[in-house]
Amino acid sequence: MCGIVGYLGHREAYPILIKGLQRLEYRGYDSAGIAIYDGDTIKMSKTKGKVSDLIDCVKAEINTKGTLGIGHTRWATHGVPNKVNSHPHYSNSGNLVIIHNGIIENYETLKKELTKRGYIFHSDTDTEVLVNLIEDIQIKEKIKLGKAVQIALNQVVGAYAIAVFDKNKPNEIVVAKLGSPLAIGIGDDEFFIASDASPFIEYTKNAIYLEDEEMAIIRSGKKIRVRKISDDSLIDPYIQELQLNLEQIEKGGYDHFMLKEIYEQPSAILDTFRGRLLSDQAIIKMSGVEDNMKRFLNAPRIIVVACGTSWHAGLVSEYIFEDLARIPVEVEYASEFRYRNPVINENDVVIAISQSGETADTLAAIKLAKSKGAFVFGVCNVVGSSIAREADAGAYTHAGPEIGVASTKAFTTQITVLTLIALRLARAKGTISSSDFRRHLLELELIPEKVKTALTTDDIVKTIANVYKDSRNFLYLGRGYNFPVALEGALKLKEISYIHAEGYPAAEMKHGPIALIDEHMPVVVIATNKGHYDKVVSNIQEIKSREGKIIAVVTKGDTAVKELADYVIEVPETIESLTPLLTTIPLQLLSYHIAVMLNKNVDQPRNLAKAVTVE
């Protein structure tokens with residue numbers, strides 16, 4: 001959570017900081033603030049609310065001149081969202097200023113000790129404790145800021161990405177990272193600091209991504225010095241060329257990022273299998289799989305660890321791997337995995353799924369799995385992210401930047417990658433015939449066009465949204481491959497409209513949820529003509545007999561369900577294992593349109609953030 005941004009160079013810092021915070025607002029938006037040094041004094045402005053509120057405060061409160069500055073957009077962990085708890089934070093002397101993403105777990109112990117030494121705290125945050133700890137060490141040891149930061153960070157427990165500067169050294173910013181992302185953009189005698197590269201993409205294509213337990217001292221006119229926090233050893237940083245472009249992180253004429261990203265799915269899925277799926281040669285090429293084929297083939301089971309939408313993609317993969325490759329799969333909440341003393345064997349393969357590649361719970365699960373000798377394969381979207389670096393091997397989804405907090409194209413591209421892996425393993429194991437393998441490849445190649453067709457349901461979905469937008473509860477039902485889609489559809493509605501919704505296996509409805517069904521209950525049923533179609537029709541009849549309102553997602557040309565449902569949404573036909581890539585589309589649109597009609601903030605739903613970098 002939280003977005004941090006900083007600038008040191010020859011330009012005015014304020015416009016860069018504000019634009020950067022706007023691009024990082026998906027990471028947290030309950031408060032925001034900036035601090036700018038003008039060569040004489042530090043000018044700070046911060047407020048509860050969004051970056052737009054901060055802009056208003058800045059205009060009223062401070063002069064924005066200055067070429068050094070830092071900014072922050074917050075997702076609250078310690079202390080309620082208000083002006084006092086907003087970042088940046090001063091040290092007691094007013095000389096040091098800090099921004100922080102993460103959690104300092106032992107802050108209470110440190111705070112008590114600093115209080116005994118006379119330090120006064122104005123906020124409820126762990127961050128104010130950290131900046132005063134740095135100042136205390138700096139004063140006691142009579143050392144420079146960089147050294148004081150290093151000593152302080154060796155005393156804290158938790159996760160952090162920080163940027164701190166000292167007004168007595170106006171040409172220097174010290175940054176450090178553990179468990180939270182931090183990128184440094186390198187321009188022509190100027191430097192940019194951010195949680196990801198989006199705030200500085202128009203200024204430079206060159207960036208350094210700090211590794212865990214690394215810190216950097218950034219000085220005007222000097223080369224960046226990167227050191228290990230633990231032992232002060234120098235690091236030769238890898239400067240990479242960014243592939244991101246400005247168009248990818250702008251709305252492109254759409255009202256919301258979420259809608260743009262829903263409509264990007266045909267191209268995102270195509271980009272995900274481009275170069276990997278060669279249907280004319282009946283080949284799947286994935287170097288991360290090929291280079292570790294023995295590990296996959298010898299694995300007694302695959303353990304999938306993920307959170308939220310990625311967990312739902314993992315559930316889909318369970319059906320795919322077991323059905324096609326005949327490998328046992330267990331799908332685990334990453335947030336629970338490390339705390340329940342799981343049985344992990346050195347021959348196990350652990351697949352970790354995350355859109356951002358920074359999910360703290362998933363990273364913790366990876367570290368546990370590796371400590372037990374398991375092979376970890378990462379599936380994520382962000383190049384150079386922590387999970388991409390921590391995993392033994394992996395595959396990127398190539399979905400492009402996903403700014404909307406409610407994940408859409410990440411879900412379908414994750415399923416695409418996992419399908420490719422399952423098909424490749426099935427071919428290697430001989431659990432799929434040549435003809436069936438080729439059929440799957442040909443059908444997967446058609447999916448982008450079929451997703452385009454599924455997107456044409458937008459008008460009927462909008463009509464349905466208007467009818468049911470005031471409902472307080474929804475039920476989502478699916479069977480087999482589409483049970484996880486029901487979970488995902490319910491999650492999307494909850495996330496952005498704040499309507500209570502639950503997903504269930506369709507047959508499980510009889511064992512409890514059926515008690516909720518009456519004439520006021522909309523029930524979304526995924527009823528494609530593949531799998532257990534007749535059973536789902538029977539479930540729909542049970543709902544109908546109890547006066548439930550039925551919204552059915554069906555295969556084009558369906559007649560049986562059409563006679564029973566109040567509304568029908570048709571998607572193209574495909575093979576069963578690929579149906580989730582189509583059936584999820586109208587559910588995404590339904591949640592979007594209901595949220596818009598209810599005047600909710602679609603891209604930035606309350607209490608949520610895109611990259612969950614705290615446990």
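Colleague: What covers the buried residues of helix 7?

Modeller: Bear in mind that this is a predicted model. The cover over those residues includes helix 6 (257-263), strand 16 (277-278), helix 14 (409-429), helix 15 (434-455) and helix 20 (580-597).

Colleague: And which residues of helix 7 are buried?

Modeller: In helix 7 (residues 265-273) they are Gln265, Pro266, Ala268, Ile269, Thr272 and Phe273. The arc they cover around the axis is only 165°, so they sit on the same side of helix 7. After the helix comes Gly275, with a positive phi near 80°.

Colleague: Why does that sort of spacing put residues on one side?

Modeller: An α-helix has 3.6 residues a turn, so residues three or four places apart point the same way.

Colleague: Why is the pair of Tyr319 and Tyr481 called tilted?

Modeller: The centres are 5.5 Å apart and the planes make 40°. Pairing needs centres within 6.5 Å, and planes under 30 degrees apart would be stacked while over 60 would be edge-to-face, so this pair is tilted. A search of the whole structure finds ten aromatic pairs.

Colleague: What parts of the chain does the pair of Tyr319 and Tyr481 link?

Modeller: Distant ones: Tyr319 is in helix 10 (residues 308-325), and Tyr481 is in the loop between strand 23 (473-478) and helix 17 (483-497), 162 residues apart.

Colleague: How do you know whether Tyr481 is buried or exposed?

Modeller: Its relative accessible area is 4%, and buried means under 20%, so Tyr481 is buried. Tyr319 has 30% relative accessibility; that falls between 20% and 50%, so Tyr319 counts as partly exposed.

Colleague: What makes Arg427 count as lying over the face of Phe437?

Modeller: Arg427 is 5.6 Å from the ring centre, and the distance cut-off is within 6 Å.

Colleague: What makes you say both faces of strand 10 are covered?

Modeller: In strand 10 (residues 191-194), Phe191 and Ile193 on one side and Phe192 and Ala194 on the other are all buried.

Colleague: How do you know that strand 1 and strand 10 pair?

Modeller: Four bridges join strand 1 (residues 3-8) to strand 10, and pairing takes at least two, so they pair, running antiparallel. Strand 9 (residues 183-186) is also joined to strand 10 by four bridges, antiparallel. Phe192 has Tyr7 opposite and Gly185 opposite as well. Tyr7 and Phe192 also belong to one aromatic cluster with Phe200 and Tyr203.

Terms used:
Residues are numbered from 1 along each chain as its sequence is written. This is a predicted model: local features need pLDDT of at least 70, side-chain atom pairs count only at pLDDT 80 or more; totals for chains, interfaces and linings use all residues. Side-chain values use heavy atoms; hydrogens and water are left out. Rings of Phe, Tyr and Trp (its six-membered ring) pair if their centres lie within 6.5 Å; planes under 30 degrees apart count as stacked, over 60 as edge-to-face and the rest as tilted. Helices (H or I, at least four residues) and strands (E, at least two) are DSSP runs, numbered from the N terminus. Buried means under 20% relative accessible area, exposed over 50%, partly exposed in between (1.4 Å probe, protein chains only). A charge sits over a ring if NZ of Lys or CZ of Arg is within 6 Å of the ring centre and within 35 degrees of the ring normal. The arc is that of the directions from the helix axis to the C-beta atoms. Contact means heavy atoms within 4.5 Å.
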